[in-house]
Structures are given as structure tokens and as C-alpha cells.
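Here is a short walk through one protein model. Keep the sequence and the 3D view side by side as you read.

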Amino acid sequence: MPDGTLTVAVIGLGTMGPGIIATLARGGMPVRAHDLSPAAVERARAAVPQAAAVLDRLGVAPPTTGEGAVSFHDDLAGAVAGAGLVIENVPEKVEVKAAVYRALDPLLPAGTIVASDTSGIPITTLQGFLSHPERLVGMHWSNPPHIIPMIEVIAGEKTAPATVAFITDLVRSLKLLPVVVKKDVPGFVENRILYALLREAIDLVDQGVIDEEGLDTCVSWGIGYKLSVVGPMRLLDMAGLDIYQSVAGFLNADLSARRDVAGYVTERTRAGKLGIKSGEGIFPYTPDQIAALQAERARRLVAVRRILEGRDG
Ligand SMILES: NC(=O)C1=CN([C@@H]2O[C@H](COP(=O)(O)OP(=O)(O)OC[C@H]3O[C@@H](n4cnc5c(N)ncnc54)[C@H](O)[C@@H]3O)[C@@H](O)[C@H]2O)C=CC1
Ligand SMILES: Cc1ncc(C=O)c(C(=O)O)c1O
């Protein structure tokens, strides 16, 4: 069980880092942040207060002891000094994560818990790169991490139950929603659902069934809107399992079952068109548009969450 003295190190300060840092600090924990890129550190220095301002709008108050201090460290050793928890948040490549774990090993006491924010690399795979694998666990936040309250907690084959309990208690102490995933499958739960949806969405655009804007309108104002209130299992009962039986009977065989990544995406990633992070992906973005888009998305997500939590509306 985390106590009031827990210091957390966050390694990797890109898309996910600043929101995670702000959330932990708002929970009263000192946070020590590190990225090998000085540019990423500078971006994070600006992004953490921005995420904290969103937490204000969400009504997330620090404990009476106050907000945790955030410090930035050029070196990994300095970042993890005194940390009881290290959150690994580097790119989704096994070799990159493995290198971080190998670098962490001599720096950490055996009992220091290491939580990976991996989107779906099996935790058991990652446990092969860290001594005392019982202390490694998946702690999968969703983007934006300072707004989405659900966090998946995933044990690898060698993860100790106490490690899982530690992270689920920590998530609860932040008044967030831990979901313990019972099997260490690739993609866990959230991303298996999301990637099945994205595979179908990309396929529909690729086939010319609908254009990108139309796809987003259809999903955001149809099933996406509905799923924010009624989960898939409850939706089956709401629609009627007989309806699912009939429709799935012909539709399942027609859904995309591709095992590779659609050329629609590969062409863009190979061209460096990565999305907001590169200024263009499926859509083009100017810096002003990015700032406005991120502010508006935060505003809407905050408003929806407040309503779903029964605080507004
Ligand atoms: N982007 C998303 O929507 C989500 C990503 N994740 C997962 O979180 C992890 C991080 O993802 P992002 O923040 O999107 O990645 P990112 O690419 O935006 O940021 C990664 C950061 O790690 C830094 N880095 C790379 N190697 C490093 C090293 N050896 N030591 C220290 N820092 C290093 C990079 O400089 C970069 O700033 C990945 O495992 C990803 O799958 C999880 C949930 C959502
Ligand atoms: C496309 C995509 N891939 C992975 C994740 C999370 O691991 C997200 C997300 O959190 O939204 C995502 O959108």
C-alpha cells in the first residue's frame, strides 16, 4: 500500500509523460522526471502545468499536505534516486524498453516497483529484461492520462500479487479507476477493443465506404457516444442478444480480419506523417490548430467526465 512518502520516477516525457506527472503530483507524490531528450524535457516542463490546470477544472484537489514537487533530471540515476515506484514510459519498442530496464537494474533496490505504461507488449515479455521480475507490472494509462480515469493493471507471469495490489491501491488513492486485467494478453483489454475498431475504421475508409470526417462523425456521435454511457456488455442486453445473434451471423465473416497494418497507415508512417506529433498524419495541423484542438478536446472531455460522474448536468 503506497503511503504518503512515496516518490515516483517517470522515465519518458513524451505524449504520456506530462499528464502522468501532473496526476501523480496532484496526488501529493513527489515526482522525479527524466527523458534522454533535452527537448522533450523542455516540452514537459511546459506541459505539466498545462495538465495541472486541466486537473483544476476537473476539481482534482491535492491532499492537505499539498501537491508533490516535480523535478527534472538529466540522468537516469538522479531521476530514480529514492523512488519507490518507477513508471517506464518510453517508446513502444521492446528493445527500447529492454535497454531502459537493463539501465535501471543496477540503480534500483530489489523492492522498487517498476510499472510499464506499455500499450500492449505482454508484461511477461518485459519481465525478461529486469531482475526481480516480481516487481514489474503493467500500468496502462490512456491518452490523455490526466483526464481518462481508467488505468489497466496487468500482471506478468512473475509479477507478485503484492505488486498488483500496490498499483491498484495507488490508482484508487488518486481517485481513479483501476481495472485488473486477468490475463497478460497482447494489447490487454482496452487496446484489443480499440485496435479492432481502428482496423475496421481504416478498412472502411480504405475501401471508400466513407471518408475520414464521415467515419469520425459516425463513430463519435453514434457508438462512441453511446459506449461512454452504456458499456459493450450492457449494450448487448440493451439491443437484445437475438439482434446480435442475427447480425453477427452474417457480419462477423465480413469484418476486416487483416493480420498486418494497412497500407493507409504504413504509407504515412514511412513518409514521417505521424499525426499531431509531426504536424500531419491523416489530417494536417498548424501549431495554432494543435493548441486549439488540444484545448477544446480537454474542455469537452472534462465536461463529459463531470457529467458521467454525476457532478454536472
Ligand atoms: N500515445 C498514446 O496515446 C499512449 C501511449 N502509451 C504508451 O506509453 C509509452 C510512451 O508512449 P508516448 O508517450 O506516446 O511516446 P513518445 O514517443 O511520445 O514519448 C516517449 C519519450 O521517451 C523518450 N525516450 C526514448 N528512449 C528513452 C530512454 N532510453 N530513456 C529515457 N527516455 C527515453 C523519448 O525521448 C520520448 O520523449 C509507450 O509504451 C506507449 O505505447 C500508453 C497509452 C497511450
Ligand atoms: C491509437 C492508440 N494507441 C494506443 C493507445 C493507448 O495505449 C491509445 C490511447 O490511449 O488513446 C490510442 O489512441
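Two strands pair if DSSP finds at least two bridges between them. Strands (E, at least two residues) and helices (H or I, at least four) are DSSP runs, numbered from the N terminus. This is a predicted model, in which local features need pLDDT of at least 70 and side-chain atom pairs count only at pLDDT 80 or more, while totals for chains, interfaces and linings use all residues. Residues are numbered from 1 along each chain as its sequence is written, and side-chain values use heavy atoms, leaving out hydrogens and water.

Start with the sheet. It is open and has eight strands, in the order S3-S2-S1-S4-S5-S6-S7-S8, with mixed pairing. Strand S3 (70–73) and strand S8 (177–181) are at the edges, each with a single partner strand, so one side of each has no neighbour in the sheet. From one strand to the next, the twist averages 25° (axes are lines fitted to C-alpha atoms, for helices over the stretch in contact; angles run from 0 to 180 degrees between N-to-C directions).

Now look at one pair. Strands S6 (residues 136–140) and S7 (residues 150–155) run antiparallel, joined by four bridges. Val-137 stands opposite Ala-155 in S7. Helix H4 (residues 94–104) packs on the sheet and touches S1 (8–11), S4 (85–88), S5 (113–116) and S6; contact means heavy atoms within 4.5 Å. The direction of H4 makes about 160° with that of S4.

Last, a side-chain detail. The charged end of Arg-268 sits over the ring of Tyr-264, 4.0 Å from its centre (CZ of Arg or NZ of Lys within 6 Å of the ring centre and within 35 degrees of the ring normal).

Notes: Chains lettered and ligands numbered in written order.
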